[in-house]
Amino acid sequence: NLENAAARRVGEAYHGPMWEDGEVFKWLEAVAWHEGLDADEVMGRRLDDYSDLARRAQADDGYLSTFNQAAGKRGRYEWISYDHEIFNMATLIQAAVAQYRASGRTVLLDVACRAADHLAETFGFNKRAELCGHPLVEMALVELYRVTGAQRYLDLASYFVEHRGHGTLTDPTWQGWTSVYFSDRIPVRETVYPEGH
């Protein structure tokens, strides 16, 4: 999927579920932490290769979702509650932070900053007032802020935290995907126990 996006091929057969990018980035995060504990030449090359592949797959404005870029399944943020676009970029950010903290590598960190900048240009107070149905970006942006010191990442994390919990996310095609499923039933600061999938 990443190779198709990097080659700017659209309409290709998509491999895996729409959150497949996130699986790749979570694997990269795990490899980064392992590399930080025990340098491994083969794993180090894989980190470099896959980080460069993500860089090449990323759109010029920082957006990265092979489900939409290469497979051409839907338009950007068309089904924001479920398509995992923001979730996948959050896993990218977490992998990049892990690589930087564990080894000082910056290729994926640059990709993550471009993705976060795209999100900050698109979403936030007085911008597109939506959020992903899969919480994770909030934590990822805070960690990116801690690494870079860029206030816009902390501000965007704050936006996503404050915007979640107002019952805006549901899926009309299946009654099971409610605001509870998407962790959007109650504001974060009012919760007393976790809920959602």
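C132 is buried, with a relative accessible area of 2%; buried means under 20% relative accessible area, exposed over 50% and partly exposed in between, using a 1.4 Å probe and protein chains only. The model is predicted, so local features need pLDDT of at least 70 and side-chain atom pairs count only at pLDDT 80 or more, while totals for chains, interfaces and linings use all residues. Residues are numbered from 1 along each chain as its sequence is written, and side-chain values use heavy atoms, with hydrogens and water left out.

**Cysteines**

- Zero disulfides turn up in a search of the whole structure, a disulfide being a pair of cysteine sulfur atoms within 2.5 Å.
- C113 takes part in no disulfide, and the cysteine sulfur nearest to it, that of C132, is 20 Å away.
- C132 is likewise in no disulfide, its nearest cysteine sulfur being that of C113 at 20 Å.
- C113 has a relative accessible area of 16% and is therefore buried.

**M89**

- M89 lies in helix α5, which covers residues 85-103; helices (H or I, at least four residues) and strands (E, at least two) are DSSP runs numbered from the N terminus.
- M89 counts as buried because its relative accessibility is 0%.
- Between M89 and C132 there are 43 residues of separation in sequence and 11 Å in space, C-alpha to C-alpha.
- Not counting residues up to four places away in sequence, M89 touches G62, Y63, L64, Y77, A115, H118 and L119; contact means heavy atoms within 4.5 Å.

**S51**

- Helix α3, residues 41-57, contains S51.
- S51 has 1% relative accessibility, so S51 counts as buried.
- The side chains of S51 and Q99 are joined by a polar contact of 3.2 Å. A polar contact is a pair of N or O atoms within 3.5 Å; within protein, one must be able to donate a hydrogen and the other to accept it, and residues adjacent in sequence count only if both atoms are side-chain atoms.
- Q99 is also one of the residues in contact with S51 when neighbours within four places in sequence are left aside, together with V107, L108 and V111.

**S179**

- S179 is found in the segment after α8, a helix spanning 151-163.
- With 15% relative accessibility, S179 counts as buried.
- Apart from neighbours within four places in sequence, S179 is in contact with G167, L169, T170, D184 and R185.
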